[in-house]
Amino acid sequence: TKKMADLTINYKGVNIDCEFDYSPGEPMVMYYSDGSGYPGSPPDIELESIKIGDVEVIDMFDNLDKIEEISELIIEKYEQ
């Protein structure tokens, strides 16, 4: 289940306010009763907004690597 959240993180020395949908990961299941299993899934976020102060800057992060980097920082801090 996704839930909307917001968090301030420090990205390359700048505090940015992020709004995102968060989906927790699912645990691995070694074996179900039928012998099958499930590898699990990692937590996932979908960024909705990135702001510096009152200025929306998400469009400045069009590089997928930067979005992934920010997403990883959010997950690390959010799950503490």
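Asn10 sits in strand S1 of this predicted model (strands are DSSP runs of E with at least two residues, helices runs of H or I with at least four, both numbered from the N terminus). Asn10 is partly exposed, with a relative accessible area of 46% (buried means under 20%, exposed over 50%, partly exposed in between, with a 1.4 Å probe and protein chains only). Two polar contacts were examined around this residue. The side chains of Asn10 and Asn15 are joined by one of 3.3 Å (a polar contact is a pair of N or O atoms within 3.5 Å; within protein, one must be able to donate a hydrogen and the other to accept it, and residues adjacent in sequence count only if both atoms are side-chain atoms). A polar atom of the Asn10 side chain also lies 3.0 Å from the backbone nitrogen of Gly13. Beyond its neighbours within four places in sequence, Asn10 is in contact with Asn15 and Leu73 (contact means heavy atoms within 4.5 Å). The C-alpha atoms of Asn10 and Ile74 are separated by 9.6 Å, although these residues are 64 residues apart along the chain.

Residues are numbered from 1 along each chain as its sequence is written.

Lys12 lies in the loop between strand S1 (3–11) and S2. Its phi is positive, about 55 degrees, although Lys12 is not a glycine. Lys12 counts as exposed, at 64% relative accessibility.

The structure holds 3 aromatic pairs (rings of Phe, Tyr and Trp, the last by its six-membered ring, pair if their centres lie within 6.5 Å; planes under 30 degrees apart count as stacked, over 60 as edge-to-face and the rest as tilted). One of them is the edge-to-face pair of Tyr11 and Phe61, with 5.9 Å centre to centre and 70 degrees between the planes. Tyr11 lies in strand S1 and Phe61 in the loop between strand S4 (55–56) and helix H1 (64–78), so the pair ties together parts 50 residues apart in sequence. Tyr11 is buried at 7% relative accessibility. Phe61 is buried at 13%.

Tyr22 and Tyr78 form a tilted pair, 4.6 Å centre to centre and 55 degrees between the planes. This pair links distant parts of the chain, with Tyr22 in strand S2 and Tyr78 in helix H1, 56 residues apart. Tyr22 is buried at 8% relative accessibility, whereas Tyr78 is partly exposed at 24%. Ring pairs join Phe20, Tyr22 and Tyr78 into a cluster.

Two serines were also examined. Ser49 belongs to strand S3 (residues 44–52) and is buried, with a relative accessible area of 9%. The side chains of Ser49 and Glu56 make a polar contact of 2.6 Å. Apart from neighbours within four places in sequence, the contacts of Ser49 are Asp17, Cys18, Glu19, Glu56 and Ile58. Ser71 lies in helix H1 and is buried at 9% relative accessibility. With neighbours within four places again left aside, Ser71 is in contact with Ile45 and Leu47.

Met28 lies in the loop between strand S2 (14–23) and S3. Met28 counts as exposed, at 53% relative accessibility.

How values were computed. This is a predicted model: local features need pLDDT of at least 70, side-chain atom pairs count only at pLDDT 80 or more; totals for chains, interfaces and linings use all residues. Side-chain values use heavy atoms; hydrogens and water are left out.
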